[in-house]
Structure formats: C-alpha cells, structure tokens
Amino acid sequence: MDMQEIAARGLVLLGCGKMGSAMLAGWLEGGLPAASVWVIDPHPSDWLKGTGVHLNAELPKAPGIVLIAVKPQMMGEALPTLQSYGNGQTLFISVAAGTSIATFQDILGAGTPIVRAMPNTPAAVGRGITAIIGNAHAAPKDLKRAEGLLQAVGQTVRLENEGQMDAVTGVSGSGPAYVFHLIETLAAAGEAQGLPTELAMQLAKATVAGAGALAEAAEDSPGQLRVNVTSPNGTTQAALEVLMDEQDGFPALLKRAVAAATDRSKELSRG
Ligand SMILES: NC(=O)c1ccc[n+]([C@@H]2O[C@H](COP(=O)([O-])OP(=O)(O)OC[C@H]3O[C@@H](n4cnc5c(N)ncnc54)[C@H](OP(=O)(O)O)[C@@H]3O)[C@@H](O)[C@H]2O)c1
C-alpha cells in the first residue's frame, strides 16, 4: 500500500473494537504513522490509548480514507457524523456485515466512493481473508487502496457483484466459528475415546492448524491431500466413511450450515 499517500491525507477509523484494533495494529506495524490516524470510539481500550493515534479528537477536513468498523446496528447513529465527507474525494471502506452499499449511498450520497468489505477474525493474527466490492464511484485506484489497507491483516479477494457478499459471509466471514467448533468437537471425541482433556484439545488444535497450513502451502488440492493420507482399509478411511456420508456427513451438514448463514445475511441486509 502507498502508506505515504494515506499518511499525507489522514485515515479515520470509526469503531475500534476487535476488527478495528486488528486492522489498526497491522497498519501501525506496516509503517503508518500514528499521527496520521484519527479514531472515534466511545470506550477506547488501554491498548488504543497507548498507540498515539488521535483519539476522539477533531477530525481532518478531507481524510483520504474513512474506515467503518462499528456494529451494523450502530450504523444509523455513527454514520451521520461523517456525512460531510460524502460525495467527495474521501474513500469510505466498511467492514460491517449486512450493511449494503445502497445504505451507505443513501446516507453519504451516491457520488461517494465506497468499498464494502467482509473480513474474518483470523485478521487478529494477520491471517484473515477479506472479500471486497466497490460501488460505481470506486475507481480502480480506490480498490487498490482498500486492498492495501486490508492486506495488513491477511489476504484479499475481489468480488464480481455485491450479491456474492452473502455467500462469502456464509463461507469465510462466519467460517472461523465452524472451524472452532470442529476443534471443540474433535477434542471432545478424543476425550470420549479416553484421552485426557488437555491432551485431546492440544491434538485437535494442532491438527486443524497444521492441516490448514498444509492445505494452503501444498500444490495438491485438499481433495488430493485427503486421498494421500487415506490408505485402503486404514484408520482414516474408517473415519472418512462416516464423515463423507452424503446424508449425514460433512457434505450435507456444511451445505445446510452455509445456506443458513447466507440466508441470515440476506435477511440482515434487507433490514
Ligand atoms: N468480528 C468478526 O468476525 C467480523 C467479521 C466480519 C465483519 N465484521 C464487522 O466488523 C464490525 C465490527 O465488529 P467487531 O467484532 O470489531 O465489533 P466490536 O468489537 O463490538 O467493535 C465495534 C466498536 O465500535 C464502537 N462503537 C460503538 N458505537 C460507536 C459510534 N457511534 N462511533 C464510534 N464507535 C462506536 C464500539 O464501542 P463500545 O464497545 O464501547 O460500544 C466498539 O469498540 C461489525 O460491523 C461486524 O459486522 C466483524
């Protein structure tokens, strides 16, 4: 990212909770000077107070970027304070789930460059993935600037249309929670087979983290990696016969889970 350009015009962060803090930490580590950042948050954390950013201070006249990281239900209260930056040169980036580009345009004006983004919580350890989509006023350089900022906390991908955002929410936005539950249930299943609680949890965490890292690093597809570790009539095959059952296994279960999250995302964006 061109940190110098962002540093010169200033960046406003609205809402500095889990997601806002993860991003801010990434930017500061990436070399963005704290003096170029203005944060608005009613209850700043001790960490935030120690960063040296402008905190709940008077905002710059025309910041380069405003990044919105408040909960969707706070949007109605929080956004009008930024209305004066609408229809101008300030790029708005929102990571709020379920708040559509149309909603932002209604409040900020249709001439505002807006990028809607869906990150996920591994952003807290720099391993997030964020999907982005811009409105008609977001120029290619705006999308690049948004990517530059969001890449401070992981990978980015571009969507073709905003309609894909609901399914992205169902896969990567909410997905970390599915994997946390996989860890919990894998550990509990190990306990059921007689392992001590802590050992089962350590095995489950390391297995999920290690398999995830291998799946990302390997040239083989996850399907091939699975085949590679499945010897005929072996232990893995015995388990996979349960997990891959078309009716009761992962295929049907995850399809239903992702569909439920996608449907809920659609409902939320309808308000
Ligand atoms: N966490 C995720 O996995 C995830 C994934 C994708 C997208 N998102 C999106 O990211 C956004 C933030 O989520 P989060 O998990 O970071 O939530 P969070 O931890 O609750 O952070 C929101 C922050 O905004 C502050 N705030 C509330 N009202 C405000 C106002 N009027 N002006 C300025 N700041 C205000 C809150 O302060 P108080 O706590 O004092 O109210 C809090 O510090 C949400 O819109 C969510 O949809 C989150």
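This note walks through a predicted model of one protein chain, point by point.

1. Overall picture. The chain has 271 residues, and 39% of them count as buried. Its fold contains 12 helices and eight strands. The C-alpha trace spans about 70 × 40 × 35 Å along its principal axes.

2. Which residues make the nonpolar surface patch? They are Val179, Leu182, Leu243, Met244, Phe250, Leu253 and Leu254. Together they cover about 540 Å².

3. Where the patch comes from. Two helices, α8 (175-192) and α12 (250-270), each supply at least two of the patch residues. Helix α12 gives the most, with three residues.

4. Met244 sits in the loop between α11 (235-243) and α12. Is Met244 buried or partly exposed? Its relative accessibility is 39%, so Met244 counts as partly exposed. The cut-offs explain the label, because partly exposed covers the range between buried, under 20%, and exposed, over 50%.

5. How α7 meets α12. Two packed helices are described by the angle between their axes and the distance between the axes. Here the partners are α7 (residues 165-173) and α12, whose axes come within 8 Å. The axes cross at roughly 135°. That angle makes α7 oblique to α12. The reason is a cut-off: roughly antiparallel is kept for angles over 145 degrees. The crossing of α7 and α12 is right-handed.

6. Salt bridges. Side chains of opposite charge can pair when their charged atoms come close. How many salt bridges does the count come to? The count is seven. The points below take up some of them.

7. Lys141 and Asp142. These two side chains meet in a salt bridge, with N to O at 3.9 Å. The cut-off for a salt bridge is 4 Å, so this pair is included. Lys141 is exposed, at 53% relative accessible area. Asp142, by contrast, is buried, at 4%.

8. Arg145 and Asp142. Asp142 also forms a salt bridge with Arg145, and here the closest N and O atoms are 2.9 Å apart. Why are Arg145 and Asp142 separated by about one helical turn? Because they are three residues apart in helix α6 (residues 140-150). Arg145 counts as buried, with 8% relative accessibility.

9. Arg264 and Glu267. Back in helix α12, Arg264 and Glu267 lie three residues apart, about one turn of the helix. They form a salt bridge, and their closest N and O atoms are 2.7 Å apart. Arg264 is partly exposed, with a relative accessible area of 44%. Glu267 is partly exposed too, at 40%.

Technical notes: Residues are numbered from 1 along each chain as its sequence is written. This is a predicted model: local features need pLDDT of at least 70, side-chain atom pairs count only at pLDDT 80 or more; totals for chains, interfaces and linings use all residues. Side-chain values use heavy atoms; hydrogens and water are left out. Patches are made of residues with over 30% relative accessible area and no salt bridge: like charges are joined within 9 Å, nonpolar side chains (Val, Leu, Ile, Met, Phe, Trp, Tyr) within 5 Å. Accessible areas come from the Shrake-Rupley method with a 1.4 Å probe; for residues, only the protein chains shown count as cover. Helices (H or I, at least four residues) and strands (E, at least two) are DSSP runs, numbered from the N terminus. Buried means under 20% relative accessible area, exposed over 50%, partly exposed in between (1.4 Å probe, protein chains only). Axes are lines fitted to C-alpha atoms, for helices over the stretch in contact, and angles run from 0 to 180 degrees between N-to-C directions. Angles under 35 degrees count as roughly parallel, over 145 as roughly antiparallel, 65 to 115 as roughly perpendicular and the rest as oblique. A crossing is left-handed if the near helix is turned anticlockwise from the far one by less than a right angle, and right-handed if clockwise.
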